[in-house]
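The following paragraphs lead through selected features of one structure. Please keep the sequence and the coordinates in view while reading.

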Amino acid sequence: MNPQARRFDFLIWIGVIITLLILLLAYLLAQLRLRETIGRPLPILGQVQDFRLTNQVGQVVTLADLRGRVWVADIIFTRCAGPCPRMTRQMREIQQALPATSTAKLVTLTTDADFDTPPVLKAYADKFGADPKRWMFLTGDKRQVANLAIDSLKLTAVEKKPEERLAPEDLFVHSTIFVVVDKLGRLRGVFETDGEGVSPMQARALILAAVKRLELER
């Protein structure tokens with residue numbers, strides 16, 4: 001091998017090593033940030049107001065049914081071709097990661113209450129392997145859904161005007177965050193699951209850590 005070729009190979013290896021070191025440093029910084037975030041106290045961000053909605057198996061659900069349990073919530077709609085399937089997969093991963101001893105519940109609201117009836121939600125829930133004992137999909141009166149989502153859980157849900165829609169299923173603009181509520185019905189955490197500097201795996205770790213901490217609170 002001539003000197004020029006050896007020099008070229010050497011530079012390639014140097015580049016690979018530098019890239020690996022940069023990736024390692026980014027990973028270590030992310031882990032440090034994750035530990036710092038997990039160690040912070042969880043603030044009380046507001047009180048969830050009472051509601052009366054219906055789950056995917058046709059049962060009425062109120063705030064009283066969730067008292068004494070920590071719960072994680074998000075908002076989607078079944079006709080969504082954007083972030084909703086990804087969010088539902090992320091919620092499924094949280095379901096799978098929760099220990100069997102945990103009494104935490106998972107709550108998914110729909111922005112599309114007119115279309116997302118209990119049978120539609122049940123089919124969607126079954127598609128994603130939702131355990132009905134752990135994970136409920138809620139629909140019902142649109143005003144009550146909006147009050148719970150927007151006023152209590154700080155989730156955004158805005159219906160698009162027909163002229164603004166890029167496709168037939170492009171119906172709503174809504175939050176992609178997950179929120180955590182404590183056993184007293186107080187909002188305690190807001191987590192972006194795919195934000196800048198936070199991977200889905202890190203977001204899931206933060207959510208699970210928040211659930212664990214709140215389950216230990218008396």
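Leu187 has a relative accessibility of 0% and therefore counts as buried, where buried means under 20% relative accessible area, exposed over 50%, and partly exposed in between, with a 1.4 Å probe and protein chains only. Leu187 belongs to strand 10, residues 186-192; helices (H or I, at least four residues) and strands (E, at least two) are DSSP runs numbered from the N terminus. Between Leu187 and Val70 lie 10.0 Å in space, C-alpha to C-alpha, and 117 residues in sequence.

The model is predicted, so local features need pLDDT of at least 70 and side-chain atom pairs count only at pLDDT 80 or more, while totals for chains, interfaces and linings use all residues. Residues are numbered from 1 along each chain as its sequence is written, and side-chain values use heavy atoms, with hydrogens and water left out.

Helix 2 has 14 residues, which at 1.5 Å a residue should span 20 Å; its end C-alpha atoms are 20 Å apart, in agreement. The expected span is 1.5 Å times one less than the number of residues. Buried in helix 2 are Cys84, Met87, Thr88, Gln90, Met91, Ile94 and Gln95. Seen down the helix axis, these buried residues fall within an arc of 155 degrees, so they line one face of helix 2; the arc is that of the directions from the axis to the C-beta atoms.

Cys84 counts as buried because its relative accessibility is 0%, and Cys80 counts as buried at 11%. The count of disulfides (pairs of cysteine sulfur atoms within 2.5 Å) is 0.

Helix 5 has 17 residues and should span 24 Å at 1.5 Å a residue; its end C-alpha atoms are 25 Å apart, which agrees. Its buried residues are Gln202, Ala203, Leu206, Ile207, Ala210, Val211 and Leu214.

What lines the largest cavity? The lining consists of Gln90, Glu93, Ile94, Phe178, Thr193, Pro200, Ala203, Arg204 and Ile207. Helix 2 (84-97) and helix 5 (200-216) are the elements that give two or more residues to this lining, and helix 5 supplies the largest share, 4 residues. By class, the lining has 5 nonpolar, 2 polar and 2 charged residues; Ala, Val, Leu, Ile, Met, Phe, Trp, Tyr, Cys and Pro count as nonpolar, Asp, Glu, Lys and Arg as charged, and the others, Gly among them, as polar. The largest cavity has a volume of about 50 Å³. A cavity is a set of points on a 1 Å grid over the protein atoms alone where a 1.4 Å probe fits but cannot get out, and lining residues have an atom within 4 Å of a point.

Notes. 1 Å grid on protein atoms, 1.4 Å probe; cavity = no way out; pocket = protein on both sides within 12 Å on 5 of 7 lines; lining within 4 Å. Points joined across faces, edges and corners; volume = space filled by probe spheres on them.
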